[in-house]
Amino acid sequence: MPTNFMPSTEEYFRILPELILTLAGVLIMFLEALRKEGQKSNAGGVTLATLVAALIAAVMAGGSPGPAFHDMVFVDGFGTFFRILVLVVGLLTVLSSQSYLERHDAQIGEYYGLLLFSLVGQSLLCVSNELMMVFIGIEISSIASYIMAGFLRDDKRNNESALKYFLLGSFATAFLLYGVAWIYGITGTTNIDGIRQALLNNLPAVPLPAVGAAAALMLVGFAFKVSAVPFQAWAPDVYQGAPAPVSAFMSAGPKAAAFAVFTRVFLTAFGPIANRWEPILWIVALATMIVGNFAALTQTNIKRMLAYSSIAHAGYVLVAIVAHSEAGTAAVMFYLASYAFMNVGAFAAIVDYSRRNEKFVNISDLAGLGQKQPFTASMMTIYMLSLIGVPLTAGFFGKFYIFKAALESDLIWLTVLGLLNSAVAAYYYLRILVVMWMHEPGEAAESAPEASFGVKAVLFGSALATLVLGILPSLVLDFANRSANIIK
Amino acid sequence: MPTSELEKYFPVLVMAVIAAVMAASLTILSSVLGKRSKSPQKDTPYECGMAPTGDARDRFSIKFYLVAMIFILLDIEAVFLYPWAVVYRQLKWFAFFEMLLFIALVLVGYFYIWKKGALDWAIPERPRKAGPKTGTNLYREAA
């Protein structure tokens, strides 16, 4: 037992973003309990202010990197990058949620409280240096998102979405925890660096099948969270059934945090046995790209199509993890940042357009959007082009860095097959553009309401970020390159 | 003295065998030697007490689930106090304030469920509104 147990001020400072988010979340629950029926909740404003404060805290914490709470948390450039990313995703979600909640008579503070709690988990995941922290982070993040997926509780699709997400999600987390137990049994530690050291020091003596089993069990848990094949089946149903702003959030925030911890655990802790898991991830990456892209081709529902597209994009990111290099890690970071903006933007475009109870969510409902709402259609065009990977958008450089890293690591076949996959993907993204700009306006476009201010702000902000990352990628990439060496 | 790792576990094996033999022999003996009398009473779930009324797979009020859930939550939180008490002397004030914070958080949760009406057992009936329910009382909406 250490004699000086009291954490220093610096250590509290390093988890300040989480502290701010937790306090605000609890405060919202407190205020919500006091709110009288019929009284308006002002949790949305509180949440916006909180997220801005947490962002500042995350940037400041990133300025003084180091460990905290007995190495449970380690704040470094990599973690700070993802922390900022998930908080920005949270900010965009809040802005795009307000009109949606209003339309469904669900303007209650719990939504924002849950969002904040979910962000606490994700933010913690990004800087976790301990498998126990990873587990706790995943649980905090997931439990809040299970409830958010079923937030409109009288809506059948919401219930279906929440139940599927909860049952499969908790099952997957159990696998992860079992893997943690195995690795603790083998190495005697749950510290990520400690596991690496233990494996490096006694590699000949370590029972390889047991380490392999531990890594495989944890792979199941992470593959579920990032919706990689063969654990992707939940994503389309959950994204389709959940409220549109929640789908936007789930497909960007928890995914980015899960990828951050996936990268950290596999490259650092399981780095010494990389030659064992790389072939498996190679297959998983390829299968994820193929299943996502080919299933997306035939979808008629936009949310479902975006869900399959998000599976395909998880496949691209996995390619960068298989590359297993500094360039690969930097590519993971850059790709997830660009993916978050284009994906949240694409979901935000249908938040107001879909109307009450999400009446218009089919791709054919977008017919004539370009004529009736040129602003929304233009922004959607930018996201779709970026998702394809057209130059001058973030998606292009994202894919470019991933496949460059893959080539440098001699993954020639994976690169070729991945590029062929992106060609397939162009079809279903371009189809949306054709429907929006070239078809005559249908019932949905004729009666479409003006998008609310919050949604417009999200659309504009995401499009701007997509273009900035596509024209000046060095803004983010330089930082990514500098922090990538932390992950060995 | 046990010579190998495995021999250390020999008493456990003996114990397991004895337990299995005992259980099996008692069951078999009672079915071989025991007297049998068949009556409708024998087929009821309980031999004494109330006569069963209706099916067990019935719908019942969500209040029961809610109370059970809240009970488990607070119960687990109380369990957390035990390890804390064990290391309290070593951690001193740090542990004291950490636990204070923890209990404060639990209290906010308690306050929340109380104000939301999760602890009110009897709520006067109220007509159900159409559309998603966004009021502040859990029971009124769930009932």
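**Briefing: chains A and B of a predicted model**

From the N terminus on, chain B runs α-α-α-α-α-α, where helices (H or I, at least four residues) and strands (E, at least two) are DSSP runs numbered from the N terminus. This is a predicted model, in which local features need pLDDT of at least 70, side-chain atom pairs count only at pLDDT 80 or more, and totals for chains, interfaces and linings use all residues. Residues are numbered from 1 along each chain as its sequence is written, while chains are lettered from A and ligands numbered from 1 in the order in which they are written. The model scores ipTM 0.79 and pTM 0.87.

**Chain B**

- Chain B has 6 helices and 0 strands.
- Buried residues make up 0% of its 143 residues; a residue is buried if 20 or more other C-beta atoms lie within 10 Å of its own, exposed if 12 or fewer, and partly exposed in between, with C-beta atoms placed from the backbone.
- Of the contacts in chain B with a separation of 6 or more, 23% join residues 24 or more positions apart; a contact requires C-beta atoms, placed from the backbone, within 7 Å.

**Confidence in chain B**

- The mean pLDDT (the predictor's confidence in each residue, from 0 to 100) of chain B is 79, and 81% of its residues reach 70 or more.
- Within chain B, confidence is highest in helix 2 (residues 10–33), at a mean of 93, and lowest in helix 6 (residues 138–142), at 48.
- The pLDDT is below 50 over residues 128–135 of chain B, a stretch with 18 contacts in the model beyond near neighbours in sequence.
- Residues 138–143 of chain B also have pLDDT below 50, with 14 contacts beyond near neighbours in sequence.

**Chain A: overall form**

- Chain A contains 21 helices and 2 strands.
- Its C-alpha atoms fill a box of roughly 70 × 60 × 40 Å along the principal axes.
- Of the 488 residues of chain A, 58% count as buried.
- Residues 24 or more positions apart supply 80% of the chain A contacts with a separation of 6 or more.

- Not counting residues up to four places away in sequence, Leu85(A) touches Ala256(A), Leu336(A), Ala337(A) and Ala340(A).
- Helix 6 of chain A is largely enclosed by the rest of the structure, because 14 of its 19 residues are buried.

Notes:
Two residues are in contact if their C-beta atoms, placed from the backbone, lie within 7 Å.
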